[in-house]
Amino acid sequence: MTDVKLIIGQRLFAPLDKQAFRLLGSRGENRLERRVWDAHADVLWRIAAERVDFYGSTSSLAAGWHRLVQGGVKVLGFPLFVPPDRPAAEGWNMLLTQAASFHDRIVGDGERVRPLLYREDVALAEKSQTIYGLLCLEGCSALEGSVERLSLCMHLGVRVVGLTWNEANELADGVGEPRGGGLTALGRRFVREVWQRSGVVDVAHLGEAAFWDVLREARGPVVCTHAGIKAVWPHRRNLSDGQLKALAELGGVLGIAFVPAFLGPKGGLDDLLRHIEHALEVAGDRHVAFGSDFDGTDEVLEGMETAAQYPALERALNARFGEETARRLLWDNWRDLFDQALAPGPSGT
Ligand SMILES: [Zn+2]
């Protein structure tokens, strides 16, 4: 059973797909053709903080279900996020509540959203109408240095682990910690644990010394789910050309975020395209993708306010970089990374 699924993972059925897409296209309705993989949107945090409804047609979520469907988003990263000012005990509870909300309120009966857990799910996400949710940890402070809690999170479906938010914790210094420390011994243990369990380490929010430590340590996939390019706009959350090049050389992917503060003075689509252009020059077209940070910031990018606007971005990417590169940015690069990174599912599933 697993072997059959692995063949599907190698896209044996791609020609069939193309034909199906063409047929759909001839009827003037080719929504299937658009596939977007967005690695980071703070939906769970907004549900926890404001009790907003993910499925409601009038949902205020920039990455609510209707908008994801309109935008052709097939995979969305759902980070678990606890603000650093919460007391430690409260943090772990908040994190578990968000994980429960992902499984109960977002996935529910699995009709409209399913968790992306195994390699086979990557191929399924490419073919089905269902949206797949990729559970992530945006910082491990709520884990209070416990490897058992990390293990539990991965059993709950987390597949992408960022060690810190902007602050420092038991594992590493985030980008907002002036001390600028790297990985602690426990941080090293955490990243090894993540890779051993076929997870992906996320360096978004890490301070630069910790970033390089993770890359030196790397025995598995490393990504940066949501950031911009420092050479284009010098925000502390953006990656330098050296960082981006090293990440790409390791096979990693950078998800460019739609956060005006990361992108530049005008904070519009033009700024976003400048970041993409530079990232493509430095990293090549296999290591750049998107991690919007929808619902994670108060300020929104003009022209890319919600996930429903991905078709407009796709048109802009097609025009500027060509259709093949646009497809890589919107789907293929994350797909290829997770297709390799994730473990096959238990046989018989
Ligand atoms: Zn973030």
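Predicted model: local features only at pLDDT ≥ 70, side-chain atom pairs only at ≥ 80, totals over all residues.
Colleague: Let's start with helix 6 and helix 14. How are they oriented relative to each other?

Modeller: Helix 6 covers residues 119-127 and helix 14 covers residues 323-341, and their axes come within 7 Å and cross at roughly 150°. Angles over 145 degrees count as roughly antiparallel. Helix 6 and helix 14 are therefore roughly antiparallel.

Colleague: And is the crossing of helix 6 and helix 14 left-handed or right-handed?

Modeller: The pair is described by an angle of roughly 150°, but the crossing also has a hand. Helix 6 passes helix 14 in a crossing that is left-handed.

Colleague: How many charged residues are there in the contact of helix 6 with helix 14?

Modeller: On the helix 6 side you have Arg119, Val122 and Glu126, and they meet Arg335, Phe338 and Asp339 in helix 14. Sorted by class, that contact has 2 nonpolar residues and no polar ones, and the number of charged residues is 4.

Colleague: How many residues of helix 6 are buried?

Modeller: To count as buried, a residue needs 20 or more other C-beta atoms within 10 Å of its own. In helix 6, Arg119, Glu120, Asp121, Val122, Ala123, Ala125 and Glu126 are buried. So helix 6 is mostly covered, and the count is 7 of its 9 residues.

Colleague: Which class has 5 residues in the contact of helix 13 with helix 14?

Modeller: The crossing of helix 13 and helix 14 is right-handed. Glu314, Leu317, Asn318 and Phe321 in helix 13 meet Glu323, Thr325, Ala326, Leu329 and Leu330 in helix 14. Of the residues in this contact, 2 are polar, 2 are charged and 5 are nonpolar.

Colleague: On to helix 10. Why do its buried residues line one face?

Modeller: Helix 10 runs over residues 241-249, and its buried residues are Gln243, Leu244 and Leu247. Look down the axis of helix 10 and these residues line one face because they fall within an arc of 95°.

Colleague: What do the buried residues of helix 10 pack against?

Modeller: Remember that these are Gln243, Leu244 and Leu247. Their packing partners are strand 7 (222-227), strand 8 (254-256), helix 9 (208-217) and helix 12 (269-283).

Colleague: Which residues of helix 12 does helix 10 meet?

Modeller: The axes of helix 10 and helix 12 come within 9 Å and cross at roughly 55°. That makes helix 10 oblique to helix 12, and the crossing is right-handed. From helix 10, Asp241, Leu244, Lys245 and Ala248 meet Ala279, Val282 and Ala283 in helix 12.

Colleague: Is Ile256 buried or exposed?

Modeller: Ile256 lies in strand 8. Among the residues Ile256 touches are His275, Ile276 and Ala279. Ile256 has 27 other C-beta atoms within 10 Å, which means it is buried.

Colleague: How far apart in space are Ile256 and Ala279, C-alpha to C-alpha?

Modeller: In sequence, Ile256 and Ala279 are 23 residues apart. In space, C-alpha to C-alpha, Ile256 and Ala279 are apart by 9.0 Å.

Colleague: How about Cys136: buried or exposed?

Modeller: Cys136 is found in strand 4, residues 131-138. Cys136 touches several residues, including Phe78, Val158 and Thr225. With 27 C-beta neighbours inside 10 Å, Cys136 counts as buried.

Colleague: What is phi of Glu144 near?

Modeller: Glu144 sits in the loop between strand 4 and helix 7 (147-155). Glu144 has 13 other C-beta atoms within 10 Å and is partly exposed. Glu144 is a residue other than glycine with a positive phi, near 50°.

Colleague: Last one: where is Ser198 found?

Modeller: Phi of Ser198 is also positive, near 60°. Ser198 is partly exposed, with 17 other C-beta atoms within 10 Å. Ser198 is found in the loop between helix 8 (185-196) and strand 6 (200-202).

Key. Residues numbered from 1 in each chain as written. Axes fitted to C-alpha atoms, helices over the stretch in contact; angles between N-to-C directions. Helix = DSSP H or I, 4+ residues; strand = E, 2+ residues; numbered from the N terminus. Parallel < 35°, antiparallel > 145°, perpendicular 65-115°, else oblique. Left-handed = near helix turned anticlockwise from the far one by under 90°. Contact = placed C-beta atoms within 7 Å. Nonpolar A, V, L, I, M, F, W, Y, C, P; charged D, E, K, R; others polar. Buried ≥ 20, exposed ≤ 12 C-beta atoms within 10 Å, placed from the backbone. Arc of directions from axis to C-beta. Lists of a residue's contacts leave out its neighbours within four places in sequence.
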